[in-house]
Amino acid sequence: MIDSSVTTADTPASREFRAGIQAQLKGDLATARAKFEAALKLDPNYAPAFIGLAGVAQVEGNDALVEQNLQRAERASPRSPDVQLAWGRYYLGKNQPGQAEKYFLKAREVAPRTIPPLLELGEIYLRT
C-alpha cells in the first residue's frame, strides 16, 4: 500500500507524510502513524496521509480501519488515481481480484497515462 508517488509538493504535510513512509518502511508503525496523523493536523484533507494510515492499519490486520481511512482519502480526493490504486491493492491483499481489478481500472480511467494501474492490472491477470 506504500506509494511515495502520491505527492510531489513540498509542504509541511507532505514532509510529515514522507517521514511516515520512511518509518513504515523501517517497520516502525507507531512513528508512521504519528507522522501521518501529524500531516492530517496540518492539512485535514491530505489524502496521502489517509492512505498511509490505511497502510498501517492493513499491516496491523485492522480491515475496518483500512476501509475507514480509504473512504476518508476518497472523500478528500475523489479523482485521485492513488486512492483508487490503494483500494485495489487492499482488495488484492484480501485475495479479491475482481474488486481489485475494478479499482485498478478506475485508476487507469482517472490517469490514463500513468504506469502503476497497468502494472497492477498485469499482476491480476497473471494471477488469474
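**Salt bridges and a buried helix**

Asp 63 is partly exposed, with a relative accessible area of 29%. In this predicted model, its side chain meets that of Lys 94 in a salt bridge, with N and O 2.8 Å apart. The two partners come from distant parts of the chain: Asp 63 sits in helix H4 and Lys 94 in the loop between H5 and helix H6 (97–110), 31 residues apart. Lys 94 also counts as partly exposed, at 31% relative accessibility.

The whole structure holds seven salt bridges. One of them pairs Glu 60 with Arg 33, and here the closest N and O atoms are 2.2 Å apart. This pair, too, links distant parts of the chain, with Glu 60 in the loop between H3 and H4 and Arg 33 in helix H2, 27 residues away. Glu 60 is partly exposed at 42%, and Arg 33 is partly exposed at 26%. Another bridge joins Asp 10 to Arg 15 at 3.1 Å. Asp 10 is exposed, with a relative accessible area of 55%, whereas Arg 15 is partly exposed at 41%. Together with Arg 18, these two residues are linked in a network of salt bridges.

Helix H3 (residues 47–59) is another story. Its 13 residues reach 19 Å from first C-alpha to last, close to the expected 18 Å. Eleven of those 13 residues are buried, so H3 is largely enclosed by the rest of the structure. Among the buried ones are Phe 50, Ile 51, Leu 53 and Val 56. The cover over the buried residues includes helices H1 (12–25), H2 (29–42), H4 (63–76) and H5 (81–93). Just after H3, Gly 61 takes a positive phi of about 80°.

How values were computed:
Residues are numbered from 1 along each chain as its sequence is written. This is a predicted model: local features need pLDDT of at least 70, side-chain atom pairs count only at pLDDT 80 or more; totals for chains, interfaces and linings use all residues. Side-chain values use heavy atoms; hydrogens and water are left out. Helices (H or I, at least four residues) and strands (E, at least two) are DSSP runs, numbered from the N terminus. The expected span of a helix is 1.5 Å times one less than its number of residues. Buried means under 20% relative accessible area, exposed over 50%, partly exposed in between (1.4 Å probe, protein chains only). Contact means heavy atoms within 4.5 Å. A salt bridge is a side-chain nitrogen of Lys or Arg within 4 Å of a carboxyl oxygen of Asp or Glu.
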